[in-house]
Structure formats: structure tokens, C-alpha cells
Amino acid sequence: MIQAAQLTDVCFSYGKQEILVNVNASFDDSKFTVIIGKNGSGKSTLLRVIAGLLIPGNGLIHFFGKNLRDLSLSERAKTFGYLGQKHKAVFPFRVWQVVLTGRAGYVNYLPGKNDMEIAHKSLERMKILHLKDRNYSELSGGEQQLVMIARVLAQEPKILLLDEPSTHLDFSNQIRLMELLKSLTHENLAIVAVMHDPNLAFWFGDAFWFMRNKTLEQPGSDLKPWSADYLRTIYEQEFNTIPFEGKAMITPLMKKGLTQ
Amino acid sequence: MVTDKRNLAGVVYFLPVPVIMLSLLTGPSDTASIQNIIHYFYHYLKPEVHNESSEILTIGSILWDVRLPRILLAFMVGGALSVSGSGLQAVFRNPLVSPYVLGLSSGAAFGAAFALALGILPVQVSAFLFGLLAVLISYSAALKHQNISIVSLILSGVIVSGIFTALLTLVQFLSDPFRLQSIVHWTMGNFHHAGWNMLSSAILPMVAGIFILMLYRWRLNVIALGDDEARSSGIHPVREKIIILAAATLASSAAVSVAGIIGLYGLIIPHMVRMVFGPDHRRGMMMNFLIGGTFLLIIDDISRTVAGFEIPIGVITMLIGAPFFLFLLKKSNIGWEQ
Amino acid sequence: MMKSVQYLITALTGLALIWAVSCQQSGYRKQPGALTVTDFRGKVINFAEPPVKIICLIESALSGFYMLHAGNRIIGISSNVYEEPVYSYYAGLDDRIRNKTLPAPGNWDFISIENLVALRPDLVVIWASQTEAIQSLEGRGIPVYAVMLHSLNDIYKEIRDLGVLTGAMTRADSLINYTQHELDALYLKVKQAGLPRRSVYFMWPKGPLETSGTQSTVNELIELAGARNACMMPQEHIVVNIEKLIEWNPEVIVMWYDPVRNPEDILKIVGWERIEAIRKNHVFEIPSVFEGDLWTLKFVNTVKLLNHWCYPELTSAGEVETSKQKMLKSLYGDR
């Protein structure tokens with residue numbers, strides 16, 4: 001089966017400092033894959049390498065069987081949509097104008113009617129059509145996030161690469177976003193998201209990878225990803241687990257005296 | 001709200017034509033007064049073979065040989081500077097940027113002084129070449145591993161500007177009063193000697209630069225969002241920046257070579273356009289060209305007629321343009337986020 | 001549909017513009033003719049007949065026209081002629097100037113193309129340094145005679161050329177002969193006296209340290225007056241170091257006409273007390289620019305002034321005054 005994305009022996013260093021060493025992983029199509037790990041473990045860097053923003057020192061990256069290196073920029077835009085963490089708005093563009101720029105890979109010089117329609121549809125899918133004419137820079141952090149995701153969707157990619165998509169969102173919006181993303185996977189979209197909240201990940205994700213020792217790993221067949229034993233190795237901390245919906249919820253180990 | 005902007009845009013589209021017509025009628029010489037000009041057209045349109053009185057000839061000569069090329073030149077220069085300024089502000093994502101940020105004006109001024117002092121090159125050519133050279137130096141100084149950081153580009157621009165300004169001062173210092181006066185005159189900016197020759201020498205690079213910037217106007221929207229965003233949606237940020245930079249430099253260097261330094265024009269007009277029409281470059285570029293051209297033309301008309309001697313256009317631009325800009329600043333959203 | 005119409009209009013306008021512009025390029029039309037002069041750029045200018053409508057944007061050359069009795073050919077002058085200190089002189093020479101009816105479409109540093117073209121001149125006389133102005137004039141088919149004076153011989157050439165252009169060649173020759181005669185007479189007088197060459201420091205009004213060196217018109221004047229230039233450096237226009245000035249220790253200081261400073265001010269300059277010219281109170285100012293204009297044949301007057309100041313024993317003030325009056329009469333005629 002052709003994977004949506006496949007990493008083979010990927011290595012990356014910033015100068016002398018090694019960040020990623022021999023990363024091997026594969027991500028399934030139409031599935032919601034989540035990458036979890038401690039802060040500073042290199043998750044964002046990994047995603048940037050996958051998205052082609054950083055060039056790995058070694059290793060291969062394949063999307064649907066094609067080598068990333070062989071894809072031109074516009075082909076890449078049509079294959080995967082990458083959304084990073086920070087975005088600074090400098091111009092007061094309207095929301096629809098921002099989303100329209102996602103079509104850059106398809107447009108020669110000026111976007112046509114078709115591009116406008118796809119941008120429109122993106123807004124609909126993200127359920128933010130009512131924000132269409134608003135000034136992007138005046139939106140809340142969460143609303144802006146939704147707009148940027150809509151923008152990435154306008155690329156009509158086959159796989160989304162999202163770096164911490166739920167930051168800046170309040171709790172209920174986080175849930176809503178995850179539901180939305182999950183529904184997108186039912187429409188033949190693969191999603192690879194880096195997340196820091198394991199619970200949110202486990203509630204909605206289909207497949208899980210963990211960042212440890214500068215590489216990606218999955219727990220062996222004997223351990224579940226949501227088990228306290230496994231998570232101890234990842235976070236180097238003790239947890240409690242509560243069974244939930246076939247998986248489990250992670251809670252802190254409440255020490256005596258903490259709740260008094 | 002969107003529709004009345006569209007109406008405003010429509011007005012702007014048609015504005016140049018009447019302004020050009022009116023500009024043909026304005027000027028300092030008494031022979032070409034309004035009545036005489038009407039007389040002239042009357043003559044022209046009547047098919048009988050009249051005695052070509054010298055007055056008619058003079059008026060014809062003034063209208064077509066003196067005023068028309070100057071009008072067209074002023075329009076093109078204004079349009080070129082505004083369009084370049086808009087493109088550069090998008091590429092640099094910085095509101096303080098104008099076509100002069102990379103040392104273009106200092107390089108061109110030095111080039112002109114050099115030509116005026118030594119007389120080996122024609123002034124226009126020298127100004128144009130040194131303007132390009134300054135930008136090239138700024139650019140290569142900021143180039144690191146095939147990547148351009150905006151900050152280093154602006155920094156090197158400042159340094160290169162300083163170098164050429166120092167050289168300019170040196171040339172001025174070593175020149176006799178005659179040449180010094182010519183140099184100072186040139187730097188202040190003027191359309192005194194506009195003619196068909198001057199227009200034809202500068203028009204090609206200006207039109208080429210403007211054309212490319214127009215072509216890329218939607219892509220400027222993408223670039224303006226950020227490098228990562230641009231790249232991930234399928235546009236190569238560095239390549240786009242180079243193209244836009246080159247086009248803007250070509251157009252503005254040609255503009256500066258014929259008009260001298262018209263301060264802050266490429267900074268003010270794009271801001272005004274953005275304040276009124278928003279940041280979308282698809283419409284914004286065309287507005288920049290039309291408004292930039294018309295506005296400079298009006299300013300040149302004023303400089304031609306108001307006083308017996310001609311006030312340098314760079315001075316008038318600042319005196320008229322700046323307060324107007326400040327007025328807009330107070331009234332509306334600056335069109336930029338901090 | 002609207003979009004493509006817009007594109008079409010834009011493209012057509014652009015093409016029309018470029019086509020119109022390229023059509024209009026006119027060049028300098030060469031007129032074959034009997035009168036030929038070479039101006040100071042080395043450019044050859046031809047006329048079939050002497051030009052009748054001349055615009056002269058150089059005040060000193062304007063003087064030349066009046067000396068040649070060809071002032072009636074002038075239809076335009078430079079605007080500084082209407083300013084003092086020269087205005088009163090020219091008002092005396094030409095009623096049109098007195099009544100301010102003669103147009104002034106430009107100055108020594110700029111021109112108004114429109115006003116100039118409106119006058120339809122046959123010839124424009126202008127400084128060679130105004131390259132852009134010259135380009136735009138010649139581009140419109142207007143002949144230009146460009147002037148750049150570096151030496152006294154250049155003044156002779158200018159007068160001669162203007163004589164050819166106005167058909168007053170004999171008069172030009174006689175003017176030159178008169179001037180040369182005066183210079184020769186002075187030369188003999190100085191030679192016979194056998195006095196050592198006194199050193200003169202020439203001061204421009206821009207500042208006390210601004211002078212001209214050995215390769216300049218000023219230098220020629222000084223030498224003709226029988227003296228020598230205190231400034232040893234070659235440049236035409238130079239700002240010197242005060243130490244150098246003290247080292248040269250000139251015996252006489254001559255100021256070009258300065259509206260701001262007087263010799264008394266120079267005598268008071270701190271640090272200059274040791275200079276011989278200061279000590280002996282030999283600081284003089286050229287009283288009238290017009291009467292001794294270095295760029296015209298009237299430079300003779302300045303030479304004589306210099307001579308008088310350097311060698312008062314040779315030439316008295318009265319002599320200088322008489323010869324000046326005589327000069328003005330000879331050059332200009334009775335007005």
C-alpha cells in the first residue's frame with residue numbers, strides 16, 4: 001500500500017548540533033496521525049523537514065511514492081499543505097484574500113473564477129464563511145488559526161502537515177477544530193499533526209508517533225501508546241490513566257497533599 | 001462599502017485623460033495662453049492652407065515639443081516610482097521602504113554628479129547605471145547561502161547609500177561653482193529639460209519594470225504573507241523577490257535618471273493607495289500607477305506655473321504631498337499592522 | 001470581458017506611447033552655410049547668414065555683443081542681467097533692458113525651455129557646463145554656441161567667434177587689437193622698470209581661503225600685471241590651508257568684488273597678522289565687477305588695477321581711472 005508519506009533514515013542538524021537522527025516512519029492515507037513529544041524534542045523541525053522547508057542532511061522523504069526532491073514547488077503545494085506555528089500579519093488583508101493566496105500553486109499570474117470558488121469552498125468547510133470580509137488582523141488568535149487552515153485547504157492538498165494547530169484556541173474551539181479535522185480525513189485527506197496535548201491527540205487521532213532521542217518511535221506491540229508505562233519513557237514523568245472510549249485519558253499523578 | 005470603492009476606482013481610471021488635457025493648457029509662456037491655444041486648434045482643424053504665422057508655429061512647437069513630452073514623462077515617472085514602491089513594500093513587508101532603500105537614489109545622484117563633473121558619460125546613462133550598481137552591491141552584500149534576509153538587505157542598503165553619498169559629497173567638493181550648481185540642480189529633481197529624446201531613452205526600462213510588476217501583482221499578495229506561507233503554497237519566495245526587486249529597480253532607476261531625486265514619492269503614494277483601497281495588490285497596483293502618475297503630473301503643472309522660475313519638483317512633492325499624507329494618516333487606518 | 005478589454009486598452013496605450021515617442025526623436029539639423037565657427041566644445045556650427053535672433057544666457061558674452069555693436073540682434077538675456085550690480089550698466093546700453101522689456105528665459109544655471117522655444121531663436125549662447133540644457137535645445141533643432149573660458153586667449157576666441165556670427169569681424173579684430181595694444185604697453189612699462197615680481201594672493205568672495213592657482217585666468221591676469229601668483233598650486237579653484245598661506249606670505253592681497261566683506265575685515269582676520277600684505281596694509285578690493293569683468297575684454301582694467309596696487313610707484317590711481325574711461329569708451333562706444 002502506498003503511504004501518504006514515508007520517511008527513510010532522515011537526519012538533520014543545525015550546524016554541529018544534531019536534531020534528527022535516522023528518523024523512519026510512515027503515515028497512512030485518510031488517517032489522522034499525531035506526533036507527540038516533549039518541548040524542544042525536535043517535533044517542529046521534523047515537520048519542517050517533511051514539508052521541505054529544511055533540507056535533511058541525509059535520508060529520503062516520499063509522498064505517495066514520489067520523492068520530495070523530485071517535486072517542484074507548485075507540485076508540492078498540490079500534494080501537501082503545511083501550516084507552521086507562527087504567523088505575523090503585516091497587511092490588513094481580508095479573510096477571503098488571505099485564503100485565496102493558498103491557490104498560488106495553481107495560478108499563473110492572476111487567480112480566476114475557479115480559484116475564487118475553491119477559496120469560497122474552503123471557508124465553508126472550515127465553517128468560517130461568516131468571517132469572509134473581515135480584516136484578518138482584527139480576528140482573534142483562534143479565528144486566525146481557522147483562516148490559515150482554510151488557506152491550506154485551498155491548496156487542495158492530499159495531506160495536511162499541521163504544527164500545533166490547536167494553540168490559541170479555547171477549549172471548546174479545540175474540540176471543534178479536532179472534530180473538523182477528523183471529518184476531513186473521512187473526505188480522503190491525510191493529516192499529520194504535531195501536538196503537545198496527548199489527551200486531545202488520543203481523543204481524535206488514529207495513529208500515533210512519539211518523538212524521543214532525536215527520532216520517531218512507536219511503542220512495541222506489548223504497550224499501548226496511552227499507557228502510563230510508555231508515556232513515562234516519553235515524558236520522563238509519572239502519570240495516571242483513566243480508560244476512555246477504548247483508549248485512555250492521561251491525568252497527573254495526584255500526590256498526597258496536592259489537593260488539600 | 002465595497003461598491004463605493006469600486007466607483008472611486010472607476011473615477012481614478014478615467015482621471016488621467018482630463019488631467020493630461022488640462023496640463024497641456026498650463027504653462028509659463030504668454031504666447032501659449034488659453035485663447036491662443038484655442039486659436040491654434042481651430043486653425044489645425046480647419047483644412048484650408050493658411051499662412052503659417054510664426055505664432056501658430058510657436059504654439060504648436062510649445063504644445064507638442066515642450067509640454068506634451070514633459071507631461072508624459074512626469075506621468076510615467078510618477079507611475080514608475082509608485083508602482084516600484086508598492087512592490088518593494090510588499091517584498092520587504094516594511095512600511096518604511098521606498099525605491100530608494102537599497103541605495104538607488106544615492107547611487108544615481110553620484111552617477112549624475114560624476115557625469116556632470118567629468119563629462120565623459122551622458123548624465124542620464126550614468127545616473128541609471130550607478131543606480132543599478134548601488135542596488136546590485138546592496139543585494140550581493142546581503143546574500144548569504146542564496147538566501148536574503150530582509151534585515152540584512154536594508155542594512156546593506158543603508159551602508160551603500162552612505163558610501164555613495166560620501167562620494168557625491170567628494171565630487172561636489174572638488175567641483176568648480178558651475179558644475180556644482182548643475183549637480184545640486186540635478187539632485188533637487190526637475191523636469192526642466194524634458195523632451196522627446198529624454199522620454200524615449202527612459203521609457204523602455206520604465207515600461208518593462210512596470211509591466212512585470214503589474215504581471216506579478218497578485219503574487220505580491222502571497223509574498224506579503226510571509227516566506228514560509230509563500231513557499232508552502234507553491235511560490236518560490238527568493239526567486240519572486242529577485243524578480244520583483246529587479247523590476248522595481250529597473251523602473252525606478254530609469255525614473256530617477258531623468259527626473260532627479262523626488263523624495264519619498266514611492267513611499268507616500270503606495271501608503272495612500274493602501275489606505276483608500278486596501279492592501280490587495282490586484283487593484284492596488286493599477287491604482288498606484290494611475291494615482292502616482294496623475295499626482296506627479298499635477299505637481300509638475302504647479303511647479304511650472306506658480307512662479308516665474310521653476311521650483312524643483314522634489315521640493316513641491318514634499319510640501320504638498322506630505323501634509324496631504326498626514327491628513328490621511330489622521331483620518332483613516334494606516335493600512336499596516338505594527 | 002471587462003478584464004480583457006482593460007488589458008487591450010492598456011497594451012494599446014503602451015504601444016502607442018512607445019511609437020509616438022520614437023517617431024518624435026528629432027535631431028540637430030545641420031544647415032550648410034558660409035559662416036562657420038567652432039564653439040568651446042569643439043562643435044562646428046554653420047550658418048548661411050548671420051543669425052538674427054540670438055538669445056544670450058551669459059552675461060559676459062552679452063557684454064561682448066554690445067562691444068561688437070550687435071546688441072540689436074539679442075532677443076533674450078539671462079535673468080541676472082536684471083539684477084544689480086550690472087543692471088544699471090546694461091540699462092545704459094540698451095533701452096529694452098532699461099524698460100525691462102527684453103525677455104529673460106533663463107540664467108547661468110537653468111533655462112525655461114518653454115519660454116525659450118517661444119522666442120524662436122536662431123542661436124543660443126550658453127555655458128558649456130549646462131549639458132542638459134544644451135541637449136534639450138539641440139534636440140529641438142536650435143543651434144547652440146557653448147562657452148567655457150579657461151584663459152585670456154579664450155576670451156579673444158569668443159569675441160572673434162561672436163564677430164563671425166554677427167558679421168562684425170572687423171570690429172572684433174579692432175577690439176582685440178586695442179586690448180592687446182594696452183597689454184603690450186603695460187608689459188613694456190613693467191619691463192623697463194625692472195622691478196622684482198611681487199607676490200599677489202587673489203581672494204574669491206566665497207571665502208578668504210578660496211583662491212585660484214597657477215593654471216587659471218586669474219594667474220594670467222597677475223602675470224600680465226607684472227606680478228606673480230602667491231598660490232603655487234595649479235588648480236583653477238582651490239581652498240587652501242591657512243598654513244600654506246602664511247608660508248607663501250603674499251605682499252599684496254586682492255579681493256574680487258565682495259558684497260559682504262571689505263579690506264578692513266580682511267585686515268582683522270585672526271591669525272593673518274604676520275602676513276606681509278596685512279602688515280603693510282596692502283589689501284585691495286576690485287570695486288566693480290562690470291568694469292573689470294575677467295570674462296570679457298575688460299579684464300584689461302583689472303590688470304591695470306592689479307598693476308597699480310602692486311607697483312604704485314609705476315602707475316598711479318589717476319592713470320588707471322583715465323585708462324578705464326578710455327577703455328569703456330573704446331569698447332562700447334558712446335553710451
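Predicted model: local features only at pLDDT ≥ 70, side-chain atom pairs only at ≥ 80, totals over all residues.
Residues are numbered from 1 along each chain as its sequence is written, while chains are lettered from A and ligands numbered from 1 in the order in which they are written.

Let's start with confidence. The predictor gives the complex an ipTM of 0.83 and a pTM of 0.82. Take some care with residues 25-29 of chain C, where pLDDT stays under 50. The model has 9 contacts beyond four places in sequence for that stretch, a contact being two residues whose C-beta atoms, placed from the backbone, lie within 7 Å.

Now go to where the chains meet, beginning with A and B. Here 28 residues of chain A are in contact with 25 residues of chain B. On the chain A side, the elements that give two or more residues are helix 2 (73-79), strand 6 (80-83) and helix 3 (95-100); helices (H or I, at least four residues) and strands (E, at least two) are DSSP runs, numbered from the N terminus. Helix 2 of chain A gives the most to this side, with 4 residues. Sorted by class, the side of chain A that touches chain B has 16 nonpolar, 10 polar and 2 charged residues. For that sorting, Ala, Val, Leu, Ile, Met, Phe, Trp, Tyr, Cys and Pro count as nonpolar, Asp, Glu, Lys and Arg as charged, and the others, Gly among them, as polar.

On to B and C, where the contact takes 31 residues from chain B and 28 residues from chain C. Helix 4 (54-92), helix 8 (177-188) and helix 9 (196-215) of chain B each supply at least two residues of the side that touches chain C. The largest share of that side, 7 residues, comes from helix 4 of chain B. Its class make-up is 12 nonpolar, 15 polar and 4 charged residues.

Helix 5 (residues 104-118) and helix 12 (residues 237-259) of chain B pack at an angle of about 40°, with their axes 10 Å apart. Axes here are lines fitted to C-alpha atoms, for helices over the stretch in contact, and angles run from 0 to 180 degrees between N-to-C directions. Helix 5 and helix 12 of chain B are therefore oblique to each other. Their crossing is right-handed; a crossing gets that label if the near helix is turned clockwise from the far one by less than a right angle, and is left-handed if anticlockwise. B:Leu104, B:Ser105 and B:Ala108 in helix 5 meet B:Thr249, B:Ser252, B:Ser253, B:Val256 and B:Ser257 in helix 12. That gives 3 nonpolar, 5 polar and no charged residues.

Helix 14 (residues 281-305) of chain B turns up in the next two pairs. Its axis and that of helix 10 (residues 217-225) of chain B come within 7 Å and cross at roughly 120°, which makes helix 10 of chain B oblique to helix 14 of chain B. B:Arg217, B:Trp218, B:Leu220 and B:Asn221 of helix 10 make the contact with B:His281, B:Arg282 and B:Met285 of helix 14.

With helix 13 (residues 265-277) of chain B, the axes come within 9 Å and cross at roughly 125°, so helix 13 of chain B is oblique to helix 14 of chain B. Helix 13 of chain B passes helix 14 of chain B in a right-handed crossing. Among the residues making this contact are B:Ile269 and B:Phe277 of helix 13 and B:Ile291 and B:Phe295 of helix 14. By class there are 9 nonpolar, 3 polar and 2 charged residues.

Finally, chain C is divided into domain 1 (35-167) and domain 2 (194-332), with bounds from an automatic or database domain assignment. The C-alpha centres of the two domains of chain C lie 29 Å apart. Their contact takes 15 residues from domain 1 and 11 residues from domain 2.

Notes
Parallel < 35°, antiparallel > 145°, perpendicular 65-115°, else oblique. pLDDT = per-residue confidence, 0-100.
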